[in-house]
Amino acid sequence: MTQIREFIHGGDYNPEQWLDHPEIIAKDFAYFKKAHINTITIGIFSWAKLELSEGEYNCDWLDEVFDRAEQQDMHVILATPSGARPRWVAEKYPEVLRVDQNGQRHLFGERHNHCYTSPAYRQKVQNIDRKLAERYGQRKSLILWHVSNEFGGQCYCDLCQAAFRKWVQDKYQTLDNLNQAYWATFWSHTYTSWNQVVAPSPRGDENLLGLNLDWHRFVSEQTIDFFEAEAQVLREVTPNIKITTNFMGGNPDDEHVFFDLDYQKFAQHVDVISWDSYPSWRSDAKTTTALAMNTAVMNDVMRSYKHANYMIMESTPSQVNWHPINRPKAPGMHRMGVLQEISHGANAINYFQLHQSRGSSEMYHGAVIGHDLRDDTRVFKEVTKVGENLISLQPALNTTARQAKVAIVYDYDNMWALSDVRNYAGETIKYWRTIQEQYQYFWEHDIPVEFISTQDDWSVYQLVIDPMHFLMSRDFANQLNEYVAQGGVLVGSYISGQVDERYLAYLGGWLKPLHEVYGIEPIETDTLYPSQLVGVADENNQTQAHDYTTIMELDTAEVLARYTSDWYADSPAVTMNSFGKGTAYYVGARFDQKYLATFYEKIVTDLQLTSVMPIEKTTTAVHVNRREDDTQTYYFVQNFADEAATITIKTPVIDILTGKEISVGKHQMVAYDGLVLVKKN
Amino acid sequence: MTQIREFIHGGDYNPEQWLDHPEIIAKDFAYFKKAHINTITIGIFSWAKLELSEGEYNCDWLDEVFDRAEQQDMHVILATPSGARPRWVAEKYPEVLRVDQNGQRHLFGERHNHCYTSPAYRQKVQNIDRKLAERYGQRKSLILWHVSNEFGGQCYCDLCQAAFRKWVQDKYQTLDNLNQAYWATFWSHTYTSWNQVVAPSPRGDENLLGLNLDWHRFVSEQTIDFFEAEAQVLREVTPNIKITTNFMGGNPDDEHVFFDLDYQKFAQHVDVISWDSYPSWRSDAKTTTALAMNTAVMNDVMRSYKHANYMIMESTPSQVNWHPINRPKAPGMHRMGVLQEISHGANAINYFQLHQSRGSSEMYHGAVIGHDLRDDTRVFKEVTKVGENLISLQPALNTTARQAKVAIVYDYDNMWALSDVRNYAGETIKYWRTIQEQYQYFWEHDIPVEFISTQDDWSVYQLVIDPMHFLMSRDFANQLNEYVAQGGVLVGSYISGQVDERYLAYLGGWLKPLHEVYGIEPIETDTLYPSQLVGVADENNQTQAHDYTTIMELDTAEVLARYTSDWYADSPAVTMNSFGKGTAYYVGARFDQKYLATFYEKIVTDLQLTSVMPIEKTTTAVHVNRREDDTQTYYFVQNFADEAATITIKTPVIDILTGKEISVGKHQMVAYDGLVLVKKN
Amino acid sequence: MTQIREFIHGGDYNPEQWLDHPEIIAKDFAYFKKAHINTITIGIFSWAKLELSEGEYNCDWLDEVFDRAEQQDMHVILATPSGARPRWVAEKYPEVLRVDQNGQRHLFGERHNHCYTSPAYRQKVQNIDRKLAERYGQRKSLILWHVSNEFGGQCYCDLCQAAFRKWVQDKYQTLDNLNQAYWATFWSHTYTSWNQVVAPSPRGDENLLGLNLDWHRFVSEQTIDFFEAEAQVLREVTPNIKITTNFMGGNPDDEHVFFDLDYQKFAQHVDVISWDSYPSWRSDAKTTTALAMNTAVMNDVMRSYKHANYMIMESTPSQVNWHPINRPKAPGMHRMGVLQEISHGANAINYFQLHQSRGSSEMYHGAVIGHDLRDDTRVFKEVTKVGENLISLQPALNTTARQAKVAIVYDYDNMWALSDVRNYAGETIKYWRTIQEQYQYFWEHDIPVEFISTQDDWSVYQLVIDPMHFLMSRDFANQLNEYVAQGGVLVGSYISGQVDERYLAYLGGWLKPLHEVYGIEPIETDTLYPSQLVGVADENNQTQAHDYTTIMELDTAEVLARYTSDWYADSPAVTMNSFGKGTAYYVGARFDQKYLATFYEKIVTDLQLTSVMPIEKTTTAVHVNRREDDTQTYYFVQNFADEAATITIKTPVIDILTGKEISVGKHQMVAYDGLVLVKKN
């Protein structure tokens, strides 16, 4: 976004719901001031109030909202309203409504569910976008475009089918190429005309793996194309206003990045990353600490898309209303979450919603101002406290998260391919959980991690972890090989390097660069039922593998651990291979966290990846993140446990949130507490 | 129904299935006599045999059935056949078939699944109804009209959509009112034309809470309207014959009154309540005693609709065939169930079915006469015994259940609203289970309870319990306030008084009359995961709350119990407020039965709600219900345990079922046994 | 098939996938030779490559495949390609695509999912079949026609509905007969026109039990009719080539024979039985021994269809890809499975697939030749070992499984009827599991069992077991009666003899021949919840019944065991009746395996059903099957445990797999090991 002068503290605001209650809007703005809310995000659900019927605009109320915001020196983030179209659009242009996989067109209803191909919809959206850009583009308060809302989902209408057909034809050029890529001879599915290309469907094909993968790619690209159709108008009219769209984090309980859209690609199209963060604090599924770790993953993922600071575009000050159970955050938890996000590189904390909707589905979703219209509630006070903290953090505004030396690879094509793999058991594949498990040791030891795509620059990383890389291009295998040859340390795992970008098996054994770099040849993969475990031992430890075990032939690698049970007892389970100037580890089986910690500890020690810090901790529930610039390091020290924790201050520091010095020695941090320390000069 | 001269003992009878077996019909009637069956319900599934094609009637066989019944002095309940239409109706008028939520019209099949709007269906039904009324209305045996069968379900055809649209327009008059009520500005759902009103659908809107609620109301009212279309013909031709339709009790396992239709409103349209009672005796889900309690609730609910005696219109003498597992009742259980129903105010016991259907889906549903055509089976003998008991009970025929001093409020609008609430967790909301939990203490202590709607007269009740009254009108809040001001005792609970009749949140805090009467202000509700518990303590007890805990501010109320854990430890959990001449209790959290018993025991003692009875019991599995008239009280003493129980007779009594005196002192009741005692003169 | 000169060792081969890789095809054939693969099954998925567009044939590549096979003296099994049609067929003739139960026509996709009624499809199939027969019918390598692939599924298109309507009319002749059979008067479903006959549907009728049963029959017969349309062409052009189609075994975990099609009837239409065998070895659901028992059942079932040797048409050398979890077989397991199949009468072992498909849904299904293209993998070596064993078994080629004296009855009409029964609880009905439980004692004691239909010849059996024969014709009841009268021993059970072929209850009590032969009258059936047990005791044993208990009246039968709990304690649970020259046992309740073993042991002892064998075993995990001809008995001794087992050789024998003598005395068999012994001369 446009360079900001302060941390953003704001959120979605819907004054169009209260136009007949001007006293409520007036009170809202007074409350914003009181709670140090400096930004409003408006327009997301406002289309019906902005364009009453086709071409009949009604922007006066929005003018007034801008006026009010500017009167108290607030920022405005303006949304394009394409995520929630008016009824008249659907009535006049039924093609804007999605068609489901069964071929049935939706009725008007819900939101962000338009056909992303429909020319009529793109036209209507561009019209209102242009109108908004022209009318508000010069407003001094306008700092950012918020394009649409939480893109996602799929459409199977004739327009999308035609666009997909064209996409496929453009990609493969000849039917022979297509038939080869989809291995269509299998089951006599040979295409003899481009017209036969149809999206996957439970009524048709669900098992053409190449087709399924291409459909994922197409949906992702077509959605980005829709975004670009909006962005193009905005860039034309307001070239100086940056553009974002709010990504989704999934519920951390889901243990998955957002699945539908390739955010690694989408990120290239936005100017700044923003996302909607809704961790399930206080659920019975995870401890606060475990959830904090998953939330850390998601924040690192979001920062990593552009390797830059990012925004929280939505979050709740208390509870959501769409989890199976919706507990309000406990006192202090909201501040804890905010400090964590800032510590990973967020420069903006926005809420959904500033004022609670009086009716409809999200009427009980948490908000800064509730139905009681009070400013003395616990929630309001905790929001105000966060506002104060963000002001205190002002000196850290232009810092960034400390550069990581450790990178974890993940890839959307691979994720989609793994989700569709037939033989390795849908139930246990757990790709994202595996990513999280690789991350855990580093988080517990305050070692920064960056998430990288197959297209990223690797030169800055000493350690690259590349788990379950099932679908891998030949180029990427070469890149791995080259990285290690040049001195990098690589960790790979079971179920890697099996299919190419078309979802066709590599023939004749493992890719040569992989065989070389790892010094082994995987031969079989045993896929275990959840109750079945296989013993593994290295020199010092005995453990048990679950879910997957690779049976491999050894070439140049050295064995670090061997299986101790089942018919492949005594064969290698974990190997290490010196290759060129570097080293490649192959983890052939799925291990528990304890074993992974032992495994990574050795590598971390070898590479000297830990730093001396002015704080020592006694529990992994306390986490230290750093934001830095050339002159200063800010240590975000947080207690993610439900009870107090002890830390030791080793050199004198100041907590910039309070401005107070913290002396050398032991200190107690209460549950959920957070400090932002700088060394005392 | 027309004043009856004896307890009804009868059931659904389908001689049209046996027209080619006159010897079977003859045997059936002989068996009826033997089993003291005095009533047959006929015509429910007979339309195809009564109207062979449009306008071609064939009533001779039914004439003969009436003749036979009258020859042995039996009553006849005649059903209108609208619940199961002939194939020719659907073939000629496809509009009578329902359309499902996905817009697909059903084929002919199953039963009671017609469109309740279709003018063609209403016309065909009125024709046959008129025919039946004209032909049989003067029959001396005819005692009651049984309109259709188990109304329920929904239709989404164009006719119903149009009717709903009109219903909405009539209600709201202006689009502004509609948009306000549905808070349609949210998600840009503003209606700009009445044509945009469409029923909720998974293809369209499922989250417009006001729309969802109105659809429930419409379906209920439109179904009643269909009933009225039938009733109108019957009232015109046979003004002296009363009219019922058979309500459903749900399976008591379901812990829910029938959900689809507002029976509290429907009850105003029938002359006498009748319902179909199918408790799951012998399942593994509940003890016999626990199930008996739930069955007691359902019988009290049915009596309460009109505060009058009612009928069991269907029940099984042995097993059903549509539970997941279908055990026959154990010996004595059938009589146990019948005596319980009578004790709550039932004056009629009818079976589905008198003679087992030889084929099709219900061919193994229990019946008085089975495929073996025997009259010496266990089932036949138990039915005969019930017949004898009903004759012995003749002196109690004109008594009614003892007037309750305790009332529990429930409300269909509230139930529908709660079923759709997003934030309070569908899994744990359990509205009906909460109703049952309030009832339990009173049942265990033989204290009569009445169930009341928001429209009922409250003057007769000393204690009113109003749990989870989430959707509450301002008028009703005033009524609560006034009730306590005038001396009533009120118990309210968590999640009450939050939205108005439109499903819009009340603004500015709790409704003033509620705040006043309870003397508190609820601030937040914590929604717990099933494994999470919060400690609560009062002076004498420690317990744990589950599912919901309210955090509240205290005004004039006194604290009875406080939380002892979580961040709101030490804040009030249960309060008592003296207001006017009465008292209002607020139960802020969900408690187990043990705590509720302690809570209600104090109130019951204060109000002196227990009576001196000639029986003392040693277990809550023994229940005593009373039916009374001005001169006599009949004590229905029943053992609902699977083993014997001891009771103590304190004054000499006579069991009118046996005519024998039972002496003062201890007596054993075998499992499932029942006595009907009067004090010896 | 044509008399073969050796055990078939082969499998599905799809060279059409590799036409642009002739070097791979060449290598494949070299590998076949190495692994003693003597047969290829081709053409199953080849239609798109054989008929490029309508009438445009392209058979050159297939000619070459035949040439290659014949060059190395291999057999060819040629498939008709109807199981996987080309896209152009569906594009030109949409009627070939199935319509689902909701009336929606499928898109092109997946496989074996054509409408089995469509005249257009039959015509296209017959054209290509004739072409193949004419071109390849005289090839010396051609040994068998493999018609289509794994027939199954249902179609609800207008053509099928019309065919069903005609089938129903042909069967019942008059609407009166139809209405009687479907008991259509119930729920007013009387048919007044044949046009009203529609297949069961969730949108229409799902509860007309007679209709449901007839639909199963129709689907089965219409599918056979489609098969016959193919077979007719083949028989005409190649009268000397035998015909099969590959039956399915279900996953043994499913505990069910294939449900959709009446294989007992279908078997009459094929020349040789072949089936696809995919046991879930190494799952966590069953021990290896328990699974081996279920696999034995399935092999005996397949042999029993024609009481003759049969073929394994598909199997995997390692893993499948469609189980929830797909473990490769452990070393030795593949050979174990093959020897078991041979021992039951299989003369052919075929794989799906010889060469792994490079892409699409089955790309990771196990294959002899994998993506690595290696011939030194474990799988390749185990397949080669099996090839060697099959050569060693050559002397046993013309033997057959030993004639059984014990028969178990099962029946498709009964299975379909039981699957639809409403009152006896879908969850616990478990018909096929009950069949397996009757089989277990005999398997554990190496006593051969044959599975028979109601149409089979019974004269060869000393013991007939007829469990849960719910739907039973009057003729069959007479047959049971006559069988016992003539000296047979019969075991019957709960829930038998209740409905006739129309699914109408028998009236007036149990069928007289059943009452006579069993000497009892069943009165009630108690249906227990899974956690509920009923005690049973005989003279020596105490046990507990689950799921079902029959309450019965005794006539001439003697009581073997009585209930000891519930209200029917002390009444008979198991009875024995001497009738004519034979004996009939009635097992009134469902027992565990321990009790069944006691029960059957006595009968087996009485009938002297065990044989003296040259081997003694110490565990039931070791199984001995025999194949015999007039001169020699081959003892297949297999250890189905995951650990070693001890056997005792009592007379000198030779293992023909190794040619070595095994001396008298104790010997160890390692896990999964198998011997094929003949007595030493």
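A:Arg111 is placed in the loop between α4 (87-92) and α5 (119-136) of chain A, where helices (H or I, at least four residues) and strands (E, at least two) are DSSP runs numbered from the N terminus. The model is a predicted one, in which local features need pLDDT of at least 70 and side-chain atom pairs count only at pLDDT 80 or more, while totals for chains, interfaces and linings use all residues. Residues are numbered from 1 along each chain as its sequence is written, and chains are lettered from A, with ligands numbered from 1, in the order in which they are written.

A residue is taken as buried if 20 or more other C-beta atoms lie within 10 Å of its own, as exposed if 12 or fewer do, and as partly exposed in between, the C-beta atoms being placed from the backbone. A:Arg111 counts as partly exposed because it has 19 C-beta neighbours inside 10 Å. When neighbours within four places in sequence are left aside, A:Arg111 is in contact with A:Gly83, A:Ala84 and B:Trp187, two residues being in contact if their C-beta atoms, placed from the backbone, lie within 7 Å.

In an unreviewed entry, UniProt places the feature "binding site" at A:Arg111, A:Asn149 and A:Trp322; UniProt positions are given in the numbering used here, feature names are shortened, and annotations may be inferred rather than shown by experiment. A:Trp322 is found in the loop between β10 (310-314) and α11 (333-344) of chain A, and it counts as exposed because 12 C-beta neighbours lie inside 10 Å.

A further loop of chain A, between β6 (142-146) and α6 (158-172), holds A:Cys155, which counts as buried because it has 26 C-beta neighbours inside 10 Å. Not counting residues up to four places away in sequence, A:Cys155 touches A:Arg98, A:Val99, A:Cys115, A:Tyr116, A:Thr117 and A:Cys160. Between A:Cys155 and A:Gly487, which are 332 residues apart along the chain, the C-alpha atoms are separated by 47 Å.

In chain C, helix α12 (residues 378-392) has 15 residues, which at 1.5 Å a residue should span 21 Å, and its end C-alpha atoms are 21 Å apart, in agreement; the expected span is 1.5 Å times one less than the number of residues. Within α12(C), the buried residues are C:Val379, C:Phe380, C:Glu382, C:Val383, C:Val386, C:Gly387, C:Asn389 and C:Leu390, and what covers them includes β1 (8-12), α11 (333-344) and β11 (346-351) of chain C.

The contact between chains C and B takes 40 residues from chain C and 46 residues from chain B. On the side of chain C that touches chain B, the elements giving two or more residues are α8 (209-237) and β17 (520-527) of chain C, and β17(C) gives the most, with four residues. The residues of this side divide into 17 nonpolar, 17 polar and six charged, where Ala, Val, Leu, Ile, Met, Phe, Trp, Tyr, Cys and Pro count as nonpolar, Asp, Glu, Lys and Arg as charged, and the others, Gly among them, as polar.
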